[in-house]
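Please keep the model in view while reading.

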Amino acid sequence: MRISRFILATSAVVAALFFGGAYWSLDRVFDNIVRTNAARASDAATRITFAAMYQLMSQGWSRSQADDFLRGVASSGEGSNMQVQIYRGQLVIDTYGVIEQPELDDVLQSAMASGQAVRIDSSETARHVYPLIADQRCLGCHANATPGVSLGAIEVRQDYAGLLADARRELSWAFALLLPLVALLAGGAVWWVGRRIEGAVESLQEEFDQVSAVSDLKALAMAQRDFGFVELNRIDQALRRLLDKLRGIAVDKEILTFEIGLLEKFVITADVVRDWREYVGRLLIDINTILPAHTLFSIFKIDDEMFDLEVFWYGPASPETRARMEHHIRQELGQMASFADSGAFAIHHHVANISAPAVELTEAEVALRVKSFFVDKPKIGGIVGIGVHAGVLEDETRYLVVESVLSTLLNVVGSVKAIYKYTRDLEYYATRDPLTDLFNQRVFWELSSYEVGRAQRHGYSFGLLLIDLDNFKLVNDTHGHAVGDTYLQRFARQVQGALRDGDILARYGGDEFVALLPEATQEAVVVVAQRVRSAIEQLEIVTADGVRLRGTASIGLAVYPDHADSTKDLLMFADNMMYRAKAAGKDQVAVPSQNDVVEIFRDISQKSLMVIEAIENQRVVPYFQPILDVAERRIVAYEVLSRIDLKGEMIRADEFVEIAEKIGVIHRLDMLVLERALHALAQQGHDGEIFVNLSPRALVFNEFARDLRRIIAASSISPDRIVFEITERDTVKNLALLERFLNDLKADGFKLAIDDFGSGFSSFHYLRRFPIDYLKIEGDFIANMLNSDKDRTFVTSIRSLAREMGIAVVAEYVESPEVLRELERMEIHRAQGYYIGRPAPAIISRDWQPPA
């Protein structure tokens, strides 16, 4: 509704209410006035009539005179609205006789009997009855009367309906003549007020219609004006204040669109992690589409005395500009107490857009236009600060956008750099042994398989050495793991120096090392092996106590294809030869003869028969190793391990699992161990999780999944308590088959764990493709992390990676209270190892107590 119409309608309603109320009020006033005057007139007429009548009676009037007087009074009201009638009471009738008069009704009789005047009003008439009371004067004529008795009554009747009708008619004519004039004046006033208001509103509307962007809002100038009304002037002032606020908080749609688009690009992918510097450069280019930003920089703390400064320029910058920016960033960092004594900087400059105009900044421009964020403590990825150098911005809103972008970049760039660093470290440790920097077991298997294929194609032989340190356990037990680690590092360098160029040395595990010797006959392999043994004999280290340590090694060798035609068989052959060297007195190279070949394979056949016989006679015994909740110090799970009972001697799994896989009975072995383990744990009252090693090679058997579900269903153990462990050492050519099988297990409620995580790069493929619940960190990293920064870094990286993915971590090889305390400090979830508990056929108390 238009405001003029609203005012007009409101005025009409108010006028109608006013005139209606005035008419009603005046009508009431006239009515009261007429009635009041009528009462006064009747009272006056009564008094006059009584006075005249008394005056006549006092003169001694005759009966005819009295009758004439009464008739005259009665006829005096004819033709008027007032009639007077005198009535004679009974005392007077008794003395003077009856006269012609109207009959006395109840009102008259009541008034004369009570001696009180009576007044009866209706809407149109009024009747007043006044009794004539005798006093002392009246006794002279009315001897039969006494003072105070009623001698008669005077009745006055008035009809004022005509008076009221005339009054209302005159009032109506007066209002009828006044209403048009009032309506005309009111309409004019309404029109004038409406025009004043609408004119002001139209003026404001024209100004605001010109606003289509924030820049227009800033240019909008509202001139001071007087609307002629205090209220409208107050509205005008309120609009001015609102405009001032809008100027401070309004944001262009284009800059919001830019910010949203930029935030959508803050998605960390593998490409972003790999090429994170190019990613930041592209972000800088995007920022320049809306904000003039010359530079984006980030600072990372590498260690206590080293910072990494990455400076990204939108266009090429002169050396002087680069120097000014570096100086300013150092000053900014130096103002923070935690980085006041910052050490060396490794500075890297990058140009996002080579074709952009050259960047040339003065000292003042650098100092005034850098917007930066610094944190007291390094955040994820070691990032401590980030900043941008932007041109002159028009308002504070764009600075707020810059702050929002920077605060997000601080986390994104830090996360990208952290993931880049973790990924690089994990990729390195996935192929390298962190202690000796040699290839690890996983790489050895891949390279040896590659070497077998290469030798088959080209028709040549190659050698394999299995090198095992003699009595190395005494070094650890006597001098500690730190000395043992130093010895292993020196040992690795000594052996590496004795090998030929192109030979490959790897740490297989613990104090075992393997070497691949490509394109070598048995004679050449023997020569290299002897040279390695001699080099080991020359190794000597001196402990902090001044003790000189020397050592020896037993070496077993095998040659492809003379002794085996597969990698596993070749290693098994070399392992048997190494044990022969130890049996011969250690510090030996066991060179196989033809009889040795026959005997070793006979031993392998005997072990195969042992495995088959143990499965048939159910002499496979489940052992249980406890897993500790580090924070609560409670045993929450057990890992199921298998042993073979051979005439009272327990044979460990690593001595027969590979043979079971080779002869195709691994499926039966796994099912037997699982069935007996679930039964034993249920009987012993374990209600926590159960970790079960799962050989992916068993998946080739069609009945594997069926038997697995049957055994677990028969045990009445909930699937969510069972965690199947897979390890990358068990290579599966058909990953799609493994993925489908593991997804089915997950759908059934089972949990999954990656065992020996970090022992090879396949772990990351498993982590990416499979729905994993637990990561069990390779034990070598845990055992050495107190003495090796590399191992510690690897454990920290895995913990951070698992935390980001919502995966729990289990640390293996926990063999000391110091390691357990460090795991607790690092917030590792669970621990497993000899310090927690050795494998045994019986479980231990849930409330774990450290060993004495």
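Phe462 and Tyr560 are both buried in this predicted model. Their rings form a stacked aromatic pair, with 5.2 Å from centre to centre and 20 degrees between the planes. Because Phe462 belongs to strand S10 (residues 462-469) and Tyr560 to strand S15 (residues 553-560), the pair ties together parts that lie 98 residues apart in sequence.

The rings of Phe472 and Tyr487 are arranged otherwise: their centres are 6.1 Å apart and their planes stand at 35 degrees, so this pair is tilted. Phe472 is in helix H15 (residues 472-479) and Tyr487 in helix H16 (residues 481-498), 15 residues apart. Phe472 has a relative accessibility of 8% and therefore counts as buried; Tyr487, at 3%, is likewise buried.

The count of aromatic pairs comes to 10. One aromatic cluster consists of Phe444, Trp445 and Tyr508. At Phe439, the charged end of Arg432 sits over the ring, 4.2 Å from its centre.

Helix packing is the remaining topic. Helix H21 (residues 666-683) packs against helix H22 (residues 704-715) at an angle of about 10 degrees, and their axes are 10 Å apart. Because angles under 35 degrees count as roughly parallel, H21 is roughly parallel to H22. H21 contributes His667, Met671, Leu674, Glu675 and Leu678 to the contact, while H22 contributes Phe704, Asp707, Leu708, Ile711, Ile712 and Ser715. By class, seven residues of this contact are nonpolar, two are polar and two are charged.

Key. Residues numbered from 1 in each chain as written. Predicted model: local features only at pLDDT ≥ 70, side-chain atom pairs only at ≥ 80, totals over all residues. Heavy atoms only, no water. Axes fitted to C-alpha atoms, helices over the stretch in contact; angles between N-to-C directions. Helix = DSSP H or I, 4+ residues; strand = E, 2+ residues; numbered from the N terminus. Parallel < 35°, antiparallel > 145°, perpendicular 65-115°, else oblique. Contact = heavy atoms within 4.5 Å. Nonpolar A, V, L, I, M, F, W, Y, C, P; charged D, E, K, R; others polar. Phe/Tyr/Trp six-rings, centres within 6.5 Å; stacked < 30°, edge-to-face > 60°. Buried < 20%, exposed > 50% of the residue type's maximum accessible area, 1.4 Å probe, protein only. Lys NZ or Arg CZ within 6 Å of the ring centre and 35° of its normal.
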